[in-house]
Amino acid sequence: MEKPSKGAQMTVGLDLGDRFSHVVVLDGEGQVVEEGRVATREAALRQRFSGCSPMRIALETGTHSPWVSRVLKDCGHEVVVANSRKLRLIYENPSKDDRVDALYLARVARVEPALLSPVEHRAETVQKDLALLRSRDALVSARTQLINHVRGLVKSVGSRLPACSSRSFPKKVSEKTPDSLRAGLLPVLDEIASLNDRIKQLERQLQILCNESYPQTKLLRQVTGVGPITSLAFVLTLESPQRFPKSRTVGAFLGLVPGRKQSGGSDPQRRITKQGDRCMRRLLVNAAHYSLGPFGPDSDLRRFGLKIASRGGKNAKKRAIVAVARKLAVLLHHLWRCAEVYEPLYQENHKAGRRGKVARALATVGN
């Protein structure tokens, strides 16, 4: 495939594949002037796109899109990374193939890039640090599956294991394991103990990373229930507090607001969108569980959640948890952006202050 001539205003659609990526190039009039494929490797992409006049290149989010977008930007091109979850034009196309996908990306990017709901990938250093959190999350998930496996097998022979923490599970369970299952479960318990050590080691690394590279996490850890893991995940996921001009929009970014399907007079209540980072959303929900749990301290967050839960109904507690998680996300962004000291009972203290001002004003008028 020949490189486009310099000076031509080109728009490129790049459908990324694991081994090869399909390329469609449009000229300024929207006519297809070139198409072909290129190996999804850095050297091949640099050879194909370096030395060209600046082009607008559209590609979808995916496994390869972070590093590919960085390579193309380094070659001097404008890169539009389309949100794949919002491209119904592509993923619901009955005649879908790589060439058609690349062609649609190029046509939409040439006319109106905003229709692609473009996203901005994280910086390379942030992606590297976020990999530690992702690895810990994967290990915790694997440990949970193994623990559930052990408990399920023990129940199948009519026994039950004692309630205990994940850290103490291998030791306590090995003493209570039925003799008939001991040979099959001991290797699993050894693996759980090994996972405990690896998770603990990763958590120490994350603690050091918080203190040395991300001191702003201390502002977030003022909130009880928000530790190094949650605060670091929040900072790495959002990258910059200035990314959101209003703190209230953070809840929507993390998928903690109800979806909408309004049409005419119909506007049904829907579940939360669950868009955005799933790991971050889960950490916020865990923090909300602690805030509303028996050991949660008195705070505006706790009172807000308990008020929602007191309304009753089958899902009142679940709605309260999600509402507190959304409010917590807004609070953490506000603390980060404004660098404020956290006041757990901010509303009560300020109401008391206003009542005092009113009382003093009335006393002055009376005198």
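Which residues lie nearest the centre of the largest pocket? In this predicted model, they are T61, V119, R122, G276 and D277, which belong to a lining of 31 residues. The second largest pocket is lined by 22 residues, and helix α13 gives the largest share of that lining.

**Largest pocket**

- The volume of the largest pocket is about 1,200 Å³.
- Four helices, α2 (65-74), α5 (124-155), α10 (249-253) and α11 (278-292), each contribute at least two residues to the lining of the largest pocket.
- By class, the lining of the largest pocket comprises 13 charged, 11 polar and seven nonpolar residues.

**Second largest pocket**

- The second largest pocket holds about 810 Å³ of space.
- Nearest the centre of the second largest pocket are R271, I272, K318, R319 and V322.
- Two or more residues of the lining of the second largest pocket come from each of α11, α12 (300-309) and α13.
- The contribution of α13 to the lining of the second largest pocket amounts to six residues.
- The lining of the second largest pocket contains 10 charged, nine nonpolar and three polar residues.

**Helix α13**

- Helix α13 spans residues 316-338, 23 residues in total.
- From the first C-alpha of α13 to the last, the helix reaches 33 Å, close to the 33 Å expected at 1.5 Å a residue.
- A339 follows α13 and has a positive phi, near 55°.

Conventions. Residues are numbered from 1 along each chain as its sequence is written. This is a predicted model: local features need pLDDT of at least 70, side-chain atom pairs count only at pLDDT 80 or more; totals for chains, interfaces and linings use all residues. Side-chain values use heavy atoms; hydrogens and water are left out. The expected span of a helix is 1.5 Å times one less than its number of residues. On a 1 Å grid over the protein atoms alone, a cavity is a set of points where a 1.4 Å probe fits but cannot get out, and a pocket is an open set with protein on both sides within 12 Å along at least five of seven lines; lining residues have an atom within 4 Å of a point. Grid points are joined across faces, edges and corners, and a volume is the space filled by probe spheres set on the points. Ala, Val, Leu, Ile, Met, Phe, Trp, Tyr, Cys and Pro count as nonpolar, Asp, Glu, Lys and Arg as charged, and the others, Gly among them, as polar.
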